[in-house]
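Hi,

Here is the structure I promised to send over. Have a look at it first, and then read on for what I found.

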Amino acid sequence: MGLRESMMAVIVRHKLLANQIPKDCKHPLEEWMAIKARKTYSKNKELREWIGNTGLDPMTRENFEKYQLFRVREQMRYAEENVPYYRNKFKEAGVRPEDIRTYDDLTKIPLTEPNDLAEKSMLFYGVSVTKMLREFTTSGTTGHKKSIGYTQNDMISKIDIVASALRDIGMTKKDSLHIMFPMVFAWDPSLVMVGACNILGYGSSVCAEVDVEKQLKSMKEAGSTYIIGIPSFIYRVTTLLSKETDLKALGIKKIISSSEPLSESLRALLQDAWGCKVIDVWGMTEFGLACAVECDEQNGLHTDEANMLMEIIDPETLEHLPAGQKGELVITALNAEGTVLIRYRTHDIAALLDPPCGCGAHFNKRLMKPSGRMDLQFKIGNGHKVYPVLFDEAVFLSPDVIDYHVDITREGYRDVLTFEVETENPNDDLAHSIVKAVSSIMEIEDGLAEDLVAEPRVRFIEPNHDYAVKVKKIRDLRENYD
Ligand SMILES: [Zn+2]
């Protein structure tokens, strides 16, 4: 039995909360969070005593935050017992689970740096490697790979939230989701997506082909009414297919943009071409990817607050910032068993908006999507990350090269990397050898093969050029990455 089949078998045995959302519910995702909190309340004396006999129906923001802080304490207890990194970290900081009673108390817990996770991934595991159902790797800023492990319970919980999010987006049993990821991601998006569709009785189709005709064929065969994919790839499909096909006639009800920033200009273009709303989702591999999803208001993303507690801090002072103010997003997992992350610095700049939302959701906070990374990673092609040190070896192959930086621009659906190389001896041979060396870097090679990255370009500049000292090694000049 393959992984997907064995997961399905397990899911069938579990009563997922997504199936307990009432049929006429107007806010399935928020209701799912309330059901999860009520379940914890009914099972747990500490939480019952804290909240009192009033219970959690109806749910209030105040009581939901108590549920979250209770889960932080539980996660800390789990970490003290099972996660070596936090056992030491809490001891050093002298912080105990009981110390966390208010939102401001969270600042007593030391922050976790992504580089720590990259360098010591195994110390973040709450179970042994053999008990992980799935391990994913994602590149760190220093070039280390972060390993993120998920247990079976972690995966089921993820499928559960994705299922309730699909309901929230408006899918019904008459619909079918076309899963359009043109690549082998470091993870398998179809596993969670197909699983979520299955438990709710929705149709689904998966097509990993770069060939847009094959994508169209797959959609038509499945009778797709919803699409999920990365926006630059959906843009490519849109551009190439719209020449010969009336995309509006395909009857797509909504497009879900995932894994990459969605600019408002691209959203407008896609909505116009397909005649439907394009909604944004946001996630991080570290937290199982599906972390937040937009509603029809298209004004902030509803976050999975049942499994995550988000904070916005001033990256300099590390103090909490008020609602609506932009700062660094810090996330604490509330129910993780595999990789446990407590107060993890995302190095993403974002803001949180207080409820209510125009859609009627009344206790769930929304995330104003990350608008810029503080570190220096950029995604190109179909999601490969590039970072400064990646090109050093290829560009510094000749002693004539003094320094360089890379500008990323976009032409059509292709990313263009232009290397501005500082040298006293510019010549064609040097340019050719740099292009050749850069093109053989795995991330670039894949992009070229998939036709999502153009051939790298070299432009020579004179030494001591104005910005040679101060300029960022990689500058992302793409309009779609605002
Ligand atoms: Zn809403």
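Let me start with helix 10, whose buried residues are P231, S232, F233, I234, Y235, R236, V237 and T238. I call a residue buried if 20 or more other C-beta atoms lie within 10 Å of its own, exposed at 12 or fewer and partly exposed in between, with C-beta atoms placed from the backbone. Helices (H or I, at least four residues) and strands (E, at least two) are DSSP runs, numbered from the N terminus.

Two notes on the source. Residue numbers start from 1 along each chain as its sequence is written. The model is predicted, so to speak of local features I need pLDDT of at least 70, side-chain atom pairs count only at pLDDT 80 or more, and totals for chains, interfaces and linings use all residues.

Back to helix 10 (residues 231-241): eight of its eleven residues are buried, which leaves the helix mostly covered. Those buried residues pack against strand 3 (176-180), helix 9 (212-222), strand 5 (226-229), strand 6 and helix 11. Contact here is two C-beta atoms, placed from the backbone, within 7 Å. The axes of helix 9 and helix 10 come within 10 Å and cross at roughly 95 degrees; axes are lines fitted to C-alpha atoms, for helices over the stretch in contact, and angles run from 0 to 180 degrees between N-to-C directions. The two helices are therefore roughly perpendicular to each other (65 to 115 degrees; under 35 is roughly parallel, over 145 roughly antiparallel, the rest oblique). V212, Q215 and L216 of helix 9 meet R236, V237, L240 and L241 of helix 10.

Strands pair if DSSP finds at least two bridges between them.

Strand 5 is worth a look. It pairs in the parallel sense with strand 3 over four bridges, and G229 is the bridge partner of M180. Strand 5 also pairs in the parallel sense with strand 6 over four bridges, with I228 opposite I256. Y226 and I228 point one way from strand 5, I227 and G229 the other, and all are buried. By contrast, strand 8 (residues 292-294) and strand 9 (residues 301-303) run antiparallel, joined by three bridges; V293 has H302 as its partner.

Which residues have the most contacts inside the largest nonpolar core? They are V162, L166 and A196, in a core of 105 residues. A nonpolar core is a set of buried Ala, Val, Leu, Ile, Met, Phe, Trp, Tyr and Cys residues joined through C-beta atoms within 7 Å. Helix 7 gives the most to this core, with nine residues. L166 touches M171, A196, C197, L200 and Y202, leaving out residues up to four places away in sequence. Another core, of 18 residues, lies apart from it, with V395, V421, I434 and V458 among them.

Overall, the protein chain has 14 helices and 19 strands, and 45% of its 482 residues are buried.

Cheers
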